[in-house]
Amino acid sequence: MDWAMSLPEPPNAVNLRISGVSIGILILMVASVAINYIDRTGLSTAAPLLAGELSIPPAKMGMLLSAFFWSYASLQLVSGWLVDRYGVRWVMAIGFFLWSAATAATGLVHDFAIFLWLRLLLGAGESVAYPCYSKIIAGNFAEHQRGLANSLIDAGTKFGPALGIFAGGILMGRYGWRPIFMVLGLCSLLWLPPWFKWMPRGHAAAQTTQSRGPSFAEICSQRQAWATIIGHFSGNYLWYFLITWLPSYLVQGRGFSMSTMAYVGALAFCVTGTTTIVTGVLADRAIAAGATPTKVRKTCVIAGLGLATSVVAVAVVHGSVASMACLMFACIAYGVFASSHWAIPQTIAGPLAAGKWTGLQNCLANLAGVAAPAVTGFAVERTGHFFWAFAICSAVVLGGAAAYAFLLGPVEPVQWGSQEGKSSDSTSKSAAMTGQRII
């Protein structure tokens with residue numbers, strides 16, 4: 001039935017080439033997400049210096065590290081609504097300005113309470129990013145172009161932290177953490193002039209309608225929404241587990257030096273990012289050649305998360321070389337998953353609801369950023385080793401693979417309830433298949 005409902009368009013209806021304008025917008029999105037992740041992980045890099053200078057105990061440092069996710073996750077619903085209601089142009093610009101200003105101001109503070117508020121402001125500003133990305137991709141990129149677009153954005157989330165850890169660690173060690181935060185925040189603002197020049201324009205750019213589109217309740221009534229939320233949460237659990245606890249595991253669990261840990265950690269992120277790009281390109285080519293989005297996207301997310309359960313082997317095998325080989329394999333598998341997991345809700349929701357759907361999904365999925373570090377710390381403290389932390393992570397990832405396999409269903413645009421919604425969705429579906437720009 002999936003094959004019958006997802007027959008490819010005739011070859012002359014498929015626009016294989018991404019327009020120059022769309023390429024420019026994609027470059028800006030990739031640059032912004034790399035800056036996004038460098039800014040949000042800057043505190044992790046500076047934590048050893050901060051703890052000593054500001055006399056921040058471990059419990060309060062944990063509060064600072066998690067504060068970002070309080071505002072980031074909780075404001076996803078608001079950001080999704082804003083994007084669907086007002087469009088991506090000024091929502092993205094204002095959010096980017098807020099998070100850059102928060103980063104720069106961090107270098108000036110001496111009070112813990114102000115530091116905490118700036119972390120909350122950073123999360124609030126960055127909360128607009130993914131709803132904007134999904135809105136742009138759902139309206140600017142055809143189905144067979146979304147794998148590359150999403151994989152490049154996801155690669156930015158991997159190469160950004162890798163660069164931040166290396167460059168940030170070296171520069172903070174030489175110049176201190178304060179000037180680095182100020183320079184990073186102020187230099188980030190250089191992204192805004194190109195955005196104002198190339199951002200989507202005109203009424204179509206805003207992609208707003210006279211109706212409010214589907215409500216959050218209507219989105220929650222879709223079985224596919226819960227599949228994407230569970231799957232995304234599971235993938236995020238693995239990702240935040242690696243970001244927050246992999247360095248400690250490598251040093252404490254495997255006895256690596258700090259320099260060796262830095263190389264291995266950066267390599268893991270780079271392997272993930274490279275795999276994401278390669279898989280995204282191959283997925284797009286498969287769809288352009290006639291394979292259905294259902295078959296291609298579901299294969300990527302199910303196989304990726306299914307194979308990523310091998311992360312438990314990292315803590316089981318005895319030799320360090322074998323353990324790192326298992327780590328790299330799990331990172332490759334996660335990269336396969338990451339290449340397509342955002343393309344699925346973009347296709348299903350369509351431009352009419354991409355912002356709200358993404359906001360809802362990202363809100364709940366990013367609770368993994370709160371859960372993974374806390375659960376891991378509890379498991380390590382109670383057992384004295386990392387096995388159960390890796391085992392729990394593997395089990396969560398397996399649950400995500402099962403959600404995609406048994407709950408998702410066909411990857412096809414939803415026909416929203418109202419007649420107006422149906423009409424708009426029909427237009428969006430046609431544009432998505434042919435590659436016509438509607439943003």
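User: Which residues touch the most other members of the largest nonpolar core?

Analyst: Met 29 and Leu 327, out of 93 residues in that core. Helix α13 (residues 223-253) gives the most to this core, 12 residues; helices here are DSSP runs of H or I, at least four residues, numbered from the N terminus. The model is predicted, so local features need pLDDT of at least 70 and side-chain atom pairs pLDDT 80 or more, while totals for chains, interfaces and linings use all residues. Residues are numbered from 1 along each chain as its sequence is written, and side-chain values use heavy atoms, without hydrogens and water.

User: What makes a set of residues a nonpolar core?

Analyst: The members are buried Ala, Val, Leu, Ile, Met, Phe, Trp, Tyr and Cys residues joined through side-chain atoms within 4.5 Å.

User: Why is Thr 276 called buried?

Analyst: Buried means under 20% relative accessible area, exposed over 50%, and partly exposed in between, with a 1.4 Å probe and protein chains only. Thr 276 has 0%, and is therefore buried. Thr 276 belongs to helix α14 (residues 258-288).

User: Which residues does Thr 276 touch, beyond those up to four places away in sequence?

Analyst: Ser 151, Asp 154, Ala 155, Gly 335, Ala 338 and Ser 339; contact means heavy atoms within 4.5 Å.

Conventions: Helix = DSSP H or I, 4+ residues; strand = E, 2+ residues; numbered from the N terminus.
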